[in-house]
Amino acid sequence: VSPSQRLHSMTLPISVFLDFKMKVNAGKGLANISKLWNMHQENRTTISGFLLLGLSNQAEQQKLLFVLFLSMYLVTVVGNGLIILAIGLDSYLHTPMYLFLANLSVADISSISTSVPKMLMNIQTKTQSISYESCITQMYFSIVFVVIDNFLLGVMAYDRFVAICHPLNYVTVMQPRLCVLLTVVPWVLSNTVALTHTLLLLPLLFCDSNTLPHFFCDLAPLLKLSCSDTRINELVLFIVGSSVVTFPFALILFSYVCIVRAVLRISSTEGKRKAFSTCGSHLTVVLLFYGAIVGVYFFPSSTHPDDRDKIGAVLFTVVTPMMSPFIYSLRNKDVKGALRKLISRKRFLPSRC
């Protein structure tokens, strides 16, 4: 046997051994990678809930926040509840305008009820936790009721447009079938918007943290917290959110431009005052609602986006629902009269022995 053949026969087992060792090490490496990946996936998918930091992390402010938000919650529920009762019991108010107002009051009670009771319970029990399922549910309904406020304000503006610009055709245009349609469609659209965001959120993973710098589960903080790719969610949020705000606002703007032009053509001062008084309450709520949007999101007073989100959420879900009953009861003679009759009826009800 030649020396070269002898050397080749010696190196062949060595190369086979090295190749085998590399395969073994590679197998161990793949096993370790697979183990680490499984552990990572477990960390990403085992979040059972979130921590809501609330409006303030200072202990001395918690009692003040509790009293303040409990008072605002009770005022909102009682005020909007009285409007619903007054409209339901007074047949004089069984008109399209007050049908939409009753729906707005239901949405306002529901809107504040999605967030404030849980926040009050967390302050009282000194806990910050909320389960994953409760968080998603809270997010869903908070979207529903903020969106429906937009749509109902647009519908109410259209109603005032028909009443003032086409008063002789009002009964013909605002038939019961159209009124039901204008009531149901906002609820369907708002649930569709909320369902879209919820279905897009459910596949997202939360792995790094479960702490939300908010007082309830809002969509934007949840997207920031996720460790998944949220570009599609943010794109849909921008497109749908812009549409939800723009279309009702455009309808409101168009309606009031036509209303102002129609009112200015009225010769008598008393006629102008009466025409404006029928839409003054609605216009005040519109200015409050969309003024909050402009003030918070277009001219933010804080450089911290988390604070901006909290301020916006408080304005939309707490302040506006609380102010609506005052605006409609103080500026609307029909509602004031119905509330007086409702209160006097309860006062003079015979007591049972």
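**Thr230 and its setting**

Leaving aside neighbours within four places in sequence, Thr230 is in contact with Leu204 and Leu223, where contact means heavy atoms within 4.5 Å. The model is a predicted one, in which local features need pLDDT of at least 70 and side-chain atom pairs count only at pLDDT 80 or more, while totals for chains, interfaces and linings use all residues. Residues are numbered from 1 along each chain as its sequence is written, and side-chain values use heavy atoms, with hydrogens and water left out.

Thr230 lies in the loop between helix H8 (219–225) and helix H9 (231–264); helices (H or I, at least four residues) and strands (E, at least two) are DSSP runs, numbered from the N terminus. Thr230 counts as buried because its relative accessibility is 10%, the term buried being used for under 20% relative accessible area, exposed for over 50% and partly exposed for values in between (1.4 Å probe, protein chains only).

As for the chain as a whole, the protein chain holds 13 helices and 3 strands, and buried residues make up 40% of its 353 residues. Of the contacts in the protein chain with a separation of 6 or more, 78% are accounted for by residues 24 or more positions apart.

Elsewhere, Met323, which is placed in helix H12 (residues 305–331), is partly exposed because its relative accessible area is 31%.
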